[in-house]
Amino acid sequence: MQLVFASNNKNKIKEIQLLLPETIQILSLEDIGCWEDIPETADTIEGNAILKANYITEKFGYNCFADDTGLEVEALNGEPGVYSARYAGEQKEANDNMNKLLDNLKDKSNRNAQFKTVIALNLDGKQTLFSGIIKGKIIEEKIGTNGFGYDPIFVAEGYTKTFAELTIEEKSTISHRGLAVKQLIAFLSI
């Protein structure tokens with residue numbers, strides 16, 4: 001089975017392809033000739049995943065799935081949430097985003113947070129949503145060089161290492177995205 005994954009984020013594509021069985025081949029937006037930046041204008045993580053999946057299905061006619069992910073920090077009333085990628089501005093720069101988040105948490109003792117991923121699958125005219133959540137905390141400084149986004153400052157519950165200290169294989173088995181992809185795989189295997 002071939003499915004378009006509505007992303008050009010090479011890190012996400014690599015992470016998801018690792019989780020999928022060999023029977024499911026991912027095509028990136030580049031593979032189908034989609035060079036546009038798909039607008040993410042919804043005010044929820046679910047909404048953005050749906051927008052991206054619908055864009056590909058409507059414009060290109062492919063069965064596809066799209067995801068959106070947000071980091072939700074308790075002490076900041078769920079920020080950055082749906083704005084995680086552009087928290088510090090439209091340049092979407094991970095270090096800027098982490099620095100702003102760490103700055104906003106300076107005087108906060110509650111550092112509880114969760115990563116949430118929602119996948120919208122458009123398959124044969126039907127849409128199905130899958131979600132994965134991993135709870136953890138935000139540490140006070142960046143540690144690790146693996147991963148991307150907020151990985152250097154997030155430690156999952158039950159772990160002592162940041163996501164950026166884990167290998168991609170270790171992270172993908174416990175992460176929010178990994179949990180959502182496992183649901184997707186189970187659904188596609190029926």
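These are my notebook entries on what I looked up in this structure, which is a predicted model.

**Entry 1: the strand in the middle of my notes**

I began with strand β3 and asked how much of it is covered. Nine of the 10 residues of β3 are buried, so I noted the strand as mostly covered.

Next I listed the partners of β3. Strand β1, residues 2-5, runs parallel to β3, and two bridges join them. On this side I found V4 bridged to C64 of β3. Strand β5 runs antiparallel to β3, with 10 bridges joining the two. Here D67 has I119 in β5 as its bridge partner. Strand β4, residues 80-81, is also antiparallel to β3, and two bridges join that pair. The bridge partner of E72 in β4 is P80.

I stopped at C64, which is found in β3. Is C64 buried or exposed? Its relative accessibility is 0%, so C64 counts as buried.

**Entry 2: a hairpin and a cis bond**

β3 and β4 form a hairpin, and I found six residues between the strands. In the turn, N77 has a positive phi of about 55°.

Then I checked the peptide bonds around here. Which two residues does a cis peptide bond join? They are E79 and P80, with omega at about -5°. P80 lies in strand β4. My reminder to myself: most peptide bonds are trans.

**Entry 3: the other strands**

I moved on to β5 (residues 112-123) and β6 (residues 126-138). They pair in the antiparallel sense over 12 bridges. One pairing I wrote down is Q114 with K135 in β6.

The hairpin of β5 and β6 has two residues between the strands. D124 sits in that loop, and its phi is near 50°, a positive value in a residue other than glycine. I looked up how open D124 is: its relative accessibility is 63%, so D124 counts as exposed.

β6 has another partner in my list, strand β7 (residues 154-156). These two pair in the antiparallel sense over three bridges. G136 has A156 in β7 as its bridge partner.

**Entry 4: aromatic rings**

How many aromatic pairs does the structure hold? I found five.

F115 has 5%, and F163 has 1%. I also noted that F115, F154 and F163 form one aromatic cluster.

**Entry 5: the largest pocket**

The largest one has a volume of about 950 Å³. It is lined by 36 residues, and the closest to its centre are N9, K12, E40, A85 and K92. Which elements give two or more residues to this lining? They are α1 (10-19), β3 (64-73), α3 (94-104) and α5 (176-188). β3, the strand from my opening entry, gives the most, with five residues.

I then sorted the lining by class. It has 15 charged, 11 nonpolar and 10 polar residues.

I went back to K92, one of the residues closest to the centre of the pocket. K92 is found in the loop between β4 and α3. Is it buried, exposed or partly exposed? Its relative accessibility is 41%, so K92 counts as partly exposed. Its phi is positive, about 50°, although K92 is not a glycine.

Methods. Residues numbered from 1 in each chain as written. Predicted model: local features only at pLDDT ≥ 70, side-chain atom pairs only at ≥ 80, totals over all residues. Heavy atoms only, no water. 1 Å grid on protein atoms, 1.4 Å probe; cavity = no way out; pocket = protein on both sides within 12 Å on 5 of 7 lines; lining within 4 Å. Points joined across faces, edges and corners; volume = space filled by probe spheres on them. Helix = DSSP H or I, 4+ residues; strand = E, 2+ residues; numbered from the N terminus. Nonpolar A, V, L, I, M, F, W, Y, C, P; charged D, E, K, R; others polar. Pairing = 2+ DSSP bridges. Phe/Tyr/Trp six-rings, centres within 6.5 Å; stacked < 30°, edge-to-face > 60°. Buried < 20%, exposed > 50% of the residue type's maximum accessible area, 1.4 Å probe, protein only.
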